[in-house]
Amino acid sequence: MPERPRSEPEPPTLLPPLKHMQIADALGEEIRTGRVRHGRRLPGEQALAARFSVSRNTVRAALRELNRTGMIATRSGKGSYVTFDGRPVDGQLGWARGLQAQGIQSEITVLRIELVCEAVVDESDDAADLIAIDRVRRIVDGPAVSYERSRVPAIPALADLPSRGLVDGSITQTVIAAGLLVHSAEQWMGARGLTAQEAEVLGRGVGDLFLYATRVTRTRRGELVEKVEAVLDPAHFELHFRLDQGRA
């Protein structure tokens, strides 16, 4: 008896994102691109529900997601305000903000901006043309408290960075102006003694124990936005992580 032809298995069906996540993504993109700026109040729940043709409960769920990721802060009876200021949401240290929270004013000095050829993330990567931006942060009228070494891609929009400098003295504003928008971030933290070169820049002793941070941010397409390695004075910086219950 001839065998019946075997039918091919049906391909898995990909479910669309939940509606509240679609709304959170849409509002998040507007915030990241600067269309809704830091400190601005979002439209009310009723206005957002009408805009996206959903219930107010769905809008509330979207706002909770934006609040969870640090994009907004919701104040009871006053509405939701944008707290994202252009820096990566996940894994951010908020170095200058951390000092300001202690009532400490800091200033930053650019040590160099130049074209280099280095591995993009680690030694296993192929070397690529990058723009090196090395900076030291000091307390006003006080000691140096961090040494930050950033690398951004040497794309055409940033090729003249060594000659023209940073936009408003900010790497974040510079990469945004070049069309590089942060979508994801990874960060590694540890502690180690200062190298001779780091000790010289910071005016400290070789082997002094400092926090050590590496952060890599990428666009939605996975392209490099910035890699920054920093050594941070533990007398002025601390780590803060938040774990939401029910999330990996």
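Student: What does the secondary structure of the chain come to?

Tutor: The chain has seven helices and eight strands, where helices (H or I, at least four residues) and strands (E, at least two) are DSSP runs, numbered from the N terminus. This is a predicted model, in which local features need pLDDT of at least 70 and side-chain atom pairs count only at pLDDT 80 or more, while totals for chains, interfaces and linings use all residues. Residues are numbered from 1 along each chain as its sequence is written, and side-chain values use heavy atoms, with hydrogens and water left out.

Student: Why is S80 called buried?

Tutor: Buried means under 20% relative accessible area, exposed means over 50%, and partly exposed lies in between (1.4 Å probe, protein chains only). S80 has a relative accessible area of 6%, and therefore counts as buried. The residue is found in strand β2 (residues 79-82), and of the 248 residues of the chain, 36% count as buried.

Student: Which residues is S80 in contact with, leaving aside its neighbours within four places in sequence?

Tutor: Contact means heavy atoms within 4.5 Å, and with those neighbours left aside S80 is in contact with R40, R41, L42, L63, I72, A73 and T74. Not counting residues up to four places away in sequence, L63 in turn touches L42, E45, L48, I72 and S80.

Student: What makes a set of residues a nonpolar core, and which members of the largest one touch the most other members?

Tutor: The set must consist of buried Ala, Val, Leu, Ile, Met, Phe, Trp, Tyr and Cys residues joined through side-chain atoms within 4.5 Å. The largest such core has 18 residues, of which I31, L63, L66 and I72 touch the most other members. The elements giving two or more residues to this core are α1 (19-32), α2 (45-52) and α3 (56-68). A second, separate core of 13 residues includes I131, L158, V175 and V182.

Student: How do you know that the buried residues of α2 line one face of the helix?

Tutor: The buried residues of α2 are L48, A49 and F52. Seen down the axis of α2, they fall within an arc of 100°, so they line one face of the helix; the arc is that of the directions from the helix axis to the C-beta atoms. What covers these buried residues includes α1 and α3, whereas Q46 and A50, on the other side of α2, are exposed.
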